[in-house]
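Welcome! Open the structure in your viewer, keep the selection tool handy, and follow along stop by stop.

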Amino acid sequence: MKGDLFSSEHMVRPAVEPGMSVENAKCIKYAVNGEMYARQGAMIAHRGALQFERKGQGVGGMLKRAVTGEGLPLMAVRGQGEVWFAHEAQNCFVVEVEPGDLFTVNGRNVLCFDPSLSYEIKTVKGAGMAGGGLFNSVFSGHGRLGLVCEGNPLVIPVSEQYPVYVDTDAVVGWTARLQTSLHRSQSFGSMLRGGSGEAVQLMLQGEGFVVVRPSEATPQKARQH
């Protein structure tokens, strides 16, 4: 067979070491030697002696997911081999989580992660049910986390002098030393008179970074993820 499709640009390369790597802009490869975790339904191909098993979140996590429509449905991948993950042709990125780090990320942006990382679903401080019940996954430990994002994300520095305000439907995640609260930028009366509708944002203060995708989730998209 000949043609551009079979060029080195598209041909997968053998893994040089176990673990996670970016295969291309839309796909992450994981060379499994033991165990790893990924979002359910994200596997697009695999080879080798691998087993896939649904992983529960525990009673508390499942309860929060039922209440809010958010969550992180996972599967465990065990054995030895290679597996490729993708989600709706979104762009893929790898985050290195180091000891002492905490990275808060929206569950819809999680693709896969090392078993050395732990996570728990938490309410975003300052955004209770009155603010839409924002539940995100907080990762800690030491390892790699694979993320997906519609388009190329913006990484915005946050400082004590310059807090950052983000749309709750556009935020991907943020680093440990940031405090969150809800910020109302427009009165209810202004909305009734034809305002933009951007009445509530998530305000982040402190020292760190916030990751934002260059689009907002539509109501249909938000339900699907």
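How many disulfides does a search of the whole structure find? The search finds 0 disulfides, a disulfide being a pair of cysteine sulfur atoms within 2.5 Å. Before we go on, please note that this is a predicted model, in which local features need pLDDT of at least 70 and side-chain atom pairs count only at pLDDT 80 or more, while totals for chains, interfaces and linings use all residues. Residues are numbered from 1 along each chain as its sequence is written, and side-chain values use heavy atoms, with hydrogens and water left out.

Select Cys92 together with Cys27. Cys92 is in no disulfide, and its nearest cysteine sulfur, that of Cys27, is 6.3 Å away. Cys92 counts as buried because its relative accessibility is 6%; buried means under 20% relative accessible area, exposed over 50%, and partly exposed in between, with a 1.4 Å probe and protein chains only. Now pick Cys149, which also counts as buried, at 2% relative accessibility.

**Stop two: the aromatic rings**

The next thing to look for is ring pairs. Rings of Phe, Tyr and Trp (its six-membered ring) pair if their centres lie within 6.5 Å; planes under 30 degrees apart count as stacked, over 60 as edge-to-face and the rest as tilted. By this rule there are 4 aromatic pairs.

Show Phe113 and Phe139: their ring centres are 5.0 Å apart and their planes stand at 75°, so this pair is edge-to-face. Phe113 sits in strand S7 (residues 110–113) and Phe139 in strand S9 (residues 135–141), so the pair links distant parts of the chain, 26 residues apart. Strands here are DSSP runs (E, at least two residues), numbered from the N terminus. Both Phe113 and Phe139 are buried.

With ring centres 5.7 Å apart and planes at 25°, Tyr119 and Phe139 are stacked. Tyr119 lies in strand S8 (residues 117–123), so its pair with Phe139 in strand S9 ties together parts 20 residues apart in sequence. Phe139 has 0% relative accessibility.

**Stop three: Leu147**

Finally, select Leu147, in strand S10 (residues 143–149). Is Leu147 buried or exposed? Leu147 counts as buried, at 6% relative accessibility. Leaving out residues up to four places away in sequence, Leu147 touches several residues, including Ile28, Cys92, Phe103 and Val105, where contact means heavy atoms within 4.5 Å. The C-alpha atoms of Leu147 and Val105 are separated by 9.0 Å, and the two residues are 42 residues apart along the chain.

How values were computed: Helices (H or I, at least four residues) and strands (E, at least two) are DSSP runs, numbered from the N terminus.
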